[in-house]
Amino acid sequence: MTGGTSQSTKSGHHFSDNVNRALRDTELQQRLRLMLGLTKRVRYTAIPPGTPTDMARDKGKLIRAEVVAHLDQYLEEFIVNATARGIHVHLARTSDDARRIVLEIANKHGVRRVTKGKSMVSEECGIREAMLAEGMEVTETDLGELLVQLAEEPPSHLIGPAIHMNHRRMGEALAKITDDGKALPPEPQLMMDVTRRWLRSKFLEADMGITGANFGIAETGTFFIVTNEGNGRMTSMLPRVHVAMMGIERLLPTLDSMPTILQLLTRAGTGQWITVYVSMFAGPRACGELQGPEEQHLVLVDNGRSKLLGTQFAEALECIRCGACLNACPVYEKGGGHLYESVYGGPIGKVVTPLYGSSPIANELPHASSLCAACRDACPVKIDIPRMLVGLRRENKFPGKLGRLENLGVAVASRVLASPALYRFAARIAKPLMARSRRGVSSRSAGKSHDDGWITQGRGPLSQWTLNRDLPPLAAVPFRERWRRKKEGRSG
Ligand code: SF4
């Protein structure tokens, strides 16, 4: 099977266009509500506040911060130790370098068929597309990745690439691998059985396997991946050549630090105590061993990461790619991962995409946040994403697409909010102004009694706000007045 391009995003030119499109897609809305409600719940059930796992977040933060602060040293240690194990370590400064390195390895071994495990960094570098362009057959073996490959869509979540697809859409995508070319009924067990059978022959025929690597361990020169489907093991162990890809920042100092990060990664990501498989790689098959690749390569990708070292954005490199911030984010929850037109979506994507990723709407992403900080609370290594989003806005490197009117509005709001007298005056005139902005009852509230003061179809600047949501009325009695009355002993 040679799937199509995974980057064939059909999104529009602006982030807001993507949002409006996603909000109109009722199937997507249902799916996101279901899946993100679940993933959010499992994260908080697996890491309840005040428990040892919750406290391990501080330890995890220290481990990752230590690596990022001394990345040059840990990289050197890791490369020396990995090379001593017989792993061919390559440094790719850019995504072009990464593609060239992987293609050179493939061509040297006359590779025609490739199986691939889930790897965000390989998506970032466009590895699959590069191999397909060279006429190789590339098969994604993670079920979610396979589904989006078959559907010719980009992945929409760090750990659940097909989280946006409902069972009907999955069955349709799998039509490409059924004997009769027909869509499968939306039955999960049947879909998995068909896919498993089809993938078996791909695993056995592959000349080369490509996987990601969750982390490398500097002290030992080994690296590991976590999976739930076992596809990572077959991708790495069955073909003659195994190529793993990893961002340069994805290191742990010692083997002792691994359990802390492993528990945080799996519990924050999927709520599992531990994933079904944790596979540690320590070099190619040795003499007398029955399993493993004849050659093992590890491509360490920089692609803009080292530029962040020593800056206020270096903290983004501490990310362990668990996806918990995506699940917690109200913006992601309403639109899914395709909003961002980037391999890295959600809150952490809004930071790293403008800095070292690529997206036609990268400049708008730091503004696509309410700064509610749900991402920071969910993050197992306590990365302060809102701080970096504000930093990106402040540096004004990414001015976004704030119109003149919006800029004026923000300037006026900051004056009003800084002055009690102006605030009181604004509150007095806001109510009649809002009432005049009310134009009617929107289709969202049609059929319901909606004479409750909510603005459903605003005029002028308010029309953008009410395009997809209603605006509550101002309180009949302002808080300050209620407070005054309370202090005077009168009821509100
Ligand atoms: S920023 Fe934190 S929550 Fe988000 S993916 Fe990275 S580690 Fe997970």
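Predicted model: local features only at pLDDT ≥ 70, side-chain atom pairs only at ≥ 80, totals over all residues.
Q: Good, so what span should α10 have, and what do its end C-alpha atoms give?
A: Helix α10 covers residues 188–205, and its 18 residues should span 26 Å at 1.5 Å a residue. The end C-alpha atoms are 26 Å apart, which agrees.

Q: Which residues of α10 are buried?
A: Met-191, Val-194, Thr-195, Trp-198, Leu-199, Lys-202 and Phe-203 are the buried ones.

Q: And what covers them?
A: The cover includes strands β2 (113–116) and β3 (137–140), along with helices α8 (143–150), α9 (167–173) and α11 (231–237).

Q: What about Leu-204, buried or exposed?
A: Leu-204 is also in α10, but it counts as exposed because its relative accessibility is 68%, and the cut-off for exposed is over 50%.

Q: Let's switch to strands. How buried is β10?
A: Strand β10 (residues 295–301) is mostly covered, with seven of its seven residues buried.

Q: Which residues go on which side?
A: Glu-295, His-297, Val-299 and Val-301 are on one side, while Gln-296, Leu-298 and Leu-300 are on the other. Both faces are covered. As a general point, side chains in a regular strand alternate between the two faces of the sheet.

Q: Which strands pair with β10?
A: β1 pairs with β10 in the parallel sense over five bridges, and His-90 stands opposite Val-299. Strand β7 (residues 241–247) also pairs with β10 in the parallel sense, over seven bridges. There, Met-246 stands opposite Leu-300.

Q: Where does Leu-91 sit, and what does it touch?
A: Leu-91 lies in strand β1, residues 88–92. Not counting residues up to four places away in sequence, it touches Ile-101, Ile-248 and Leu-300. With a relative accessibility of 53%, Leu-91 counts as exposed.

Q: How far is Leu-91 from Met-388?
A: Leu-91 and Met-388 are 28 Å apart in space, C-alpha to C-alpha, and 297 residues apart in sequence.

Q: What's the strand order in the open sheet of four strands?
A: The order is β8-β5-β6-β9, with mixed pairing. β8 (251–252) and β9 (277–281) stand at the edges with a single partner strand each, so one side of each has no neighbour in the sheet.

Q: How do β5 and β6 run?
A: β5 (residues 215–217) and β6 (residues 222–227) run antiparallel and are joined by three bridges. In that pair, Phe-215 stands opposite Phe-224.

Q: On to the core. Which residues touch the most other members of the largest nonpolar core?
A: Among its 84 residues, those are Val-102, Met-131, Met-208, Ile-210, Met-245 and Ile-348.

Q: What does Met-131 contact?
A: Beyond its neighbours within four places in sequence, Met-131 is in contact with Val-102, Leu-103, Ala-106, Val-114, Met-136, Val-138, Met-208 and Ile-210.

Q: What about Arg-57, buried or exposed?
A: Arg-57, in helix α3 (residues 52–69), counts as buried because its relative accessibility is 9%, and the cut-off for buried is under 20%. Its contacts beyond four places in sequence include Arg-43, Ile-47, Leu-264, Asp-377 and Cys-379.

Q: Speaking of cysteines, how many disulfides are there?
A: The count comes to zero. Cys-379 counts as buried at 8% relative accessibility, and Cys-322 counts as buried at 7%.

Q: Last one: what domains are assigned, and how far apart are their centres?
A: The assignment gives domain 1 (15–306) and domain 2 (404–487). Their centres, taken over C-alpha atoms, are 46 Å apart.

Methods:
Residues numbered from 1 in each chain as written. Heavy atoms only, no water. Domains from an automatic or database assignment. Pairing = 2+ DSSP bridges. Helix = DSSP H or I, 4+ residues; strand = E, 2+ residues; numbered from the N terminus. Expected span 1.5 Å × (residues − 1). Buried < 20%, exposed > 50% of the residue type's maximum accessible area, 1.4 Å probe, protein only. Contact = heavy atoms within 4.5 Å. Disulfide = S-S within 2.5 Å. Core = buried A, V, L, I, M, F, W, Y, C linked by side-chain atoms within 4.5 Å.
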